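This report describes helix geometry, helix packing and the surroundings of selected residues. The sequence and the structure are shown first.

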Amino acid sequence: MMRNLKRIIGVSVAAIILYFMARNLRHSLKGIGAYQFDVSYLRVVVSFALLGVLFVIYGIVWKYILRGFGYTLSFGDSMRIWFLSQAGRYIPGKVW
């Protein structure tokens with residue numbers, strides 16, 4: 001009995017939240033169509049460059065972490081291990 005009540009309350013709360021989210025989205029979509037987008041290519045290039053630097057930093061940090069455990073790896077091997085371990089998070093079924 002209590003389990004059914006909790007389920008009904010949970011579904012009701014979720015339905016109310018979804019209703020208000022859909023209502024807000026419906027009103028916001030009208031403004032998006034009229035919005036004038038302006039792309040700054042310099043900012044896009046800088047952001048991708050910083051992302052590349054971040055990936056290199058992750059590889060260096062992973063190399064030092066493994067060195068702390070007593071394993072010595074080259075930078076390329078540590079980058080490959082880190083990249084493949086991160087790619088596994090985004091691939092369904094973790095085929096890596």
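How many residues does α2 have, and how far does α2 reach from its first C-alpha to its last? Helix α2 comprises 28 residues and reaches 41 Å between those atoms, close to the 40 Å expected at 1.5 Å a residue. The expected span is 1.5 Å times one less than the number of residues in the helix. Helices are DSSP runs of H or I with at least four residues, numbered from the N terminus.

The model is predicted, and local features need pLDDT of at least 70, side-chain atom pairs count only at pLDDT 80 or more, and totals for chains, interfaces and linings use all residues. Residues are numbered from 1 along each chain as its sequence is written, and side-chain values use heavy atoms, with hydrogens and water left out.

Within α3, the residues S78, M79, W82 and A87 are buried, that is, under 20% relative accessible area, where over 50% is exposed and values in between are partly exposed (1.4 Å probe, protein chains only). These residues lie on the same side of α3, because they cover an arc of only 160 degrees around the axis; the arc is that of the directions from the helix axis to the C-beta atoms.

The cover over the buried residues of α3 includes α2 (41-68). The two axes, of α2 and α3, come within 8 Å and cross at roughly 105 degrees. Such axes are lines fitted to C-alpha atoms, for helices over the stretch in contact, with angles from 0 to 180 degrees between N-to-C directions. Helices α2 and α3 are therefore roughly perpendicular to each other, a term that applies to angles of 65 to 115 degrees. On the α2 side, the contact (heavy atoms within 4.5 Å) is made by F55, V56, Y58, G59, I60, W62 and K63, and on the α3 side by F75, S78, M79, I81 and W82.

**Individual residues**

V56, in helix α2, is partly exposed, at 37% relative accessible area. Leaving out residues up to four places away in sequence, V56 touches F75 and M79.

L66 also belongs to helix α2 and is buried, with a relative accessible area of 15%. Its contacts, apart from neighbours within four places in sequence, are with Y71 and L73. After α2 comes G70, with a positive phi near 95 degrees.

Q36 is placed in the loop between α1 (2-34) and α2 and counts as exposed, at 68% relative accessibility.

| Pair | Places apart along the chain | C-alpha separation |
|---|---|---|
| V56 and M79 | 23 residues | 7.5 Å |
| L66 and R89 | 23 residues | 20 Å |
| Q36 and W82 | 46 residues | 40 Å |

Definitions and conventions: Helix = DSSP H or I, 4+ residues; strand = E, 2+ residues; numbered from the N terminus. Parallel < 35°, antiparallel > 145°, perpendicular 65-115°, else oblique.
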